[in-house]
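Dear colleague,

Please find below the structure I am handing over to you. My notes on it follow directly after.

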Amino acid sequence: MTKITAAEVNKLRKTTGAGMMDCKKALVEANGDFDLAIEILRKKGQKVAAKRADRESTEGAAIAVVNEDNTEGAVIVLGCETDFVGKNETFVNLAKELAQKALNSASKEELLNADFGGITVAEKLIEQTGVIGEKIELAAFEKISAPYVGSYIHSGKIATIVGLSAKVDGVEEVAKDVAMQAAAMNPIALNEDGVEQDVIAKEIEIAKDQLRQEGKPEEMLDKIAQGKLRRFFKDNTLVNQDFIKDNKVSVSKYVKCIGDVEVIDFKRVALG
């Protein structure tokens with residue numbers, strides 16, 4: 001039997017993130033062949049992933065990142081099964097690495113196929129599933145580009161990025177405030193133009209049903225329902241919402257405090 005040294009075990013642990021005993025067993029099975037031991041651990045990850053495929057990954061880490069000149073941003077959720085794993089430093093660091101790679105990826109699929117130390121991101125997630133023993137998946141991926149992109153992360157559970165139309169004095173603080181707004185108020189769209197038509201139709205029908213129950217005349221329903229729809233837009237679209245730090249102004253009016261600036265895009269991801 002090939003003698004396995006502590007240094008070899010430690011090297012494999014650092015390479016894969018697997019536990020010391022798992023690394024030793026893999027090296028013993030591989031007769032000291034380092035690359036084969038890595039493959040053994042990856043196959044273990046595939047087996048664990050297959051067993052846990054139907055589990056829910058409702059915990060994890062939500063991460064937001066922007067590039068150096070604040071013109072691109074990305075948000076991801078790396079999902080796992082338990083809060084204990086979601087708060088683990090190694091897990092969070094992996095999520096941060098993936099978020100950085102997301103800046104150079106055009107889609108979730110491209111990110112999953114990106115290189116991660118000689119294997120793909122997708123393969124790395126399977127590997128880590130074997131290491132941790134929980135289902136791990138890239139649960140969300142969003143990206144935007146704008147003249148200025150700001151970000152905000154709330155307790156590692158919600159991550160947002162917002163795009164503003166100009167890079168001017170004071171834009172950093174304003175962008176962060178708007179990103180916090182998106183995190184806290186969970187708007188369904190940037191403005192009324194971004195609301196899906198089926199959502200609008202549903203809101204109008206709900207409003208009409210309520211008005212009928214209140215005994216309002218049928219001929220008045222359309223006009224009153226349109227008023228309720230405007231209120232729906234105000235409550236549920238980012239630029240029309242009351243600004244959380246000063247509810248006397250809307251978000252769109254707040255960003256004007258630094259000049260001729262508009263919010264042009266946002267993305268929000270959250271656990272669960």
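Which residues line the largest cavity? They are Thr 16, Ala 18, Asp 22, Leu 41, Lys 44, Glu 127, Gly 130 and Val 131. A cavity is a set of points on a 1 Å grid over the protein atoms alone where a 1.4 Å probe fits but cannot get out, and lining residues have an atom within 4 Å of a point.

This is a predicted model, in which local features need pLDDT of at least 70 and side-chain atom pairs count only at pLDDT 80 or more, while totals for chains, interfaces and linings use all residues. Residues are numbered from 1 along each chain as its sequence is written, and side-chain values use heavy atoms, with hydrogens and water left out.

The largest cavity has a volume of about 40 Å³, volume being the space filled by probe spheres set on the grid points. Helix H7 (121-132) and helix H3 (34-51) each give two or more residues to its lining; H7 provides the largest share, three residues. Helices are DSSP runs (H or I, at least four residues), numbered from the N terminus.

Yours sincerely

Notes
On a 1 Å grid over the protein atoms alone, a cavity is a set of points where a 1.4 Å probe fits but cannot get out, and a pocket is an open set with protein on both sides within 12 Å along at least five of seven lines; lining residues have an atom within 4 Å of a point.
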